[in-house]
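Dear colleague,

Here is the structure I promised to pass on. My notes on it follow below.

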Amino acid sequence: MIKPQVFTIGYEGADVDRFLTTLKDAGVAALADVRAVALSRKRGFSKSALRDALASQNIGYQHFTQLGTPKEGRQAARAGDGDLMRRIYCDEVLAAEPAQEAFRELEALAQARPICLLCFECDPANCHRRVLAQRLAERGFEIVDLTIL
């Protein structure tokens, strides 16, 4: 039996055109934005602009606010403390019912079509999307980390 795939991607260092090409080439049907705040200083990656760019490529967009990392977790990730970031994320975010409900929605979306988890960090090992991907892997999904070339 073939496992359904879930992709992950970080847009750090990328431009929107290369980002979109990477998603299209992988066969992504919907982007699951798992940032707490879908704003970016990087042109084209704030929620509205990103949603519009994805729509032009027939890629859906869904923002999972409840699955984002709180400020303290983002600060830990920026400081290179992945263990602290994961501890904050698992203990404070994923333990809460709103995040559990959002995760169930994310899993249902992934069952329906190929999705890609989006956050800023280029390296998935330093990002909370790795935690989400691991939980999806435990539920039978194959995880593929995309790199923007």
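Leu67 touches Val34, Tyr89, Leu94, Ala99, Ala102, Phe103, Leu106, His128 and Leu132, leaving out residues up to four places away in sequence. Please keep in mind that this is a predicted model. Leu67 belongs to the largest nonpolar core, which has 22 residues. Together with Phe64, Leu106, Ile115, Leu117 and Leu132, Leu67 touches the most other members of that core. At least two residues of the core come from each of β2, α4, α5 (97–112), β4 and α6. The largest share is that of α5, with six residues. A further core lies apart from this one and has 21 residues, among them Tyr11, Ala14, Leu54 and Ile148. As background, nonpolar side chains in soluble globular proteins tend to be buried together.

The sheet

Five strands make up an open sheet, ordered β3-β2-β4-β1-β5, and the pairing is parallel. The edges are taken by β3 (60–63) and β5 (142–145); each has a single partner strand, so one side of each is left without a neighbour in the sheet. From one strand to the next the twist averages 25 degrees. Helix α1 (residues 16–26) packs on the sheet and touches β1, β2 and β4, and its direction makes about 170 degrees with that of β1.

Two of the strand pairs can be described in more detail. Strand β1 (residues 5–10) runs parallel to strand β4 (residues 115–119), and five bridges join them. Within this pair, Ile9 has Leu118 of β4 as its bridge partner. Between β2 and β3 there are four bridges, again in the parallel sense, and Ala32 has Gln62 of β3 as its bridge partner.

Strand β2 is covered on both faces. Ala30 and Ala32 are buried on one side, and Leu31 and Asp33 are buried on the other. This can be read against the general rule that side chains in a regular strand alternate between the two faces of the sheet.

Thr22 lies in helix α1. Is Thr22 buried or exposed? Its relative accessible area is 13%, so Thr22 is buried. Leaving out residues up to four places away in sequence, Thr22 touches Ile9, Leu146, Thr147, Ile148 and Leu149. Of these, Ile9 is the residue paired with Leu118 in β4, and Ile148 is among the members of the 21-residue core.

Helices α4 and α6

The axes of helix α4 (residues 82–94) and helix α6 (residues 129–138) come within 10 Å and cross at roughly 65 degrees. The two helices are therefore roughly perpendicular to each other. On the α4 side the contact is made by Arg86, Tyr89, Cys90 and Leu94, and on the α6 side by Val131, Leu132 and Arg135. By class, this contact has five nonpolar residues, two charged ones and no polar ones.

Which residues of α6 are buried? They are Arg129, Val131, Leu132, Ala133 and Leu136, and they pack against β1, α4, α5, β4 and β5. After α6 comes Gly140, with a positive phi near 100 degrees.

Loops

- Gly44 is in the loop between β2 (30–33) and α2 (47–56). Beyond its neighbours within four places in sequence, Gly44 is in contact with Val16, Ala49 and Leu50. From Gly44 to Val34 there are 10 residues in sequence and 16 Å in space, C-alpha to C-alpha.
- Asn58 is found in the loop between α2 and β3. Its phi is positive, about 60 degrees, although Asn58 is not a glycine. Asn58 counts as exposed, at 70% relative accessibility.
- Cys122 lies in the loop between β4 and α6. Its relative accessible area is 41%, so Cys122 is partly exposed. Leaving aside neighbours within four places in sequence, Cys122 is in contact with Gly10, Glu12 and Arg129. Cys122 and Val37 are 85 residues apart along the chain, and 17 Å separates their C-alpha atoms.

Regards

Conventions:
Residues are numbered from 1 along each chain as its sequence is written. This is a predicted model: local features need pLDDT of at least 70, side-chain atom pairs count only at pLDDT 80 or more; totals for chains, interfaces and linings use all residues. Side-chain values use heavy atoms; hydrogens and water are left out. Contact means heavy atoms within 4.5 Å. Axes are lines fitted to C-alpha atoms, for helices over the stretch in contact, and angles run from 0 to 180 degrees between N-to-C directions. Angles under 35 degrees count as roughly parallel, over 145 as roughly antiparallel, 65 to 115 as roughly perpendicular and the rest as oblique. Ala, Val, Leu, Ile, Met, Phe, Trp, Tyr, Cys and Pro count as nonpolar, Asp, Glu, Lys and Arg as charged, and the others, Gly among them, as polar. Two strands pair if DSSP finds at least two bridges between them. A nonpolar core is a set of buried Ala, Val, Leu, Ile, Met, Phe, Trp, Tyr and Cys residues joined through side-chain atoms within 4.5 Å. Buried means under 20% relative accessible area, exposed over 50%, partly exposed in between (1.4 Å probe, protein chains only).
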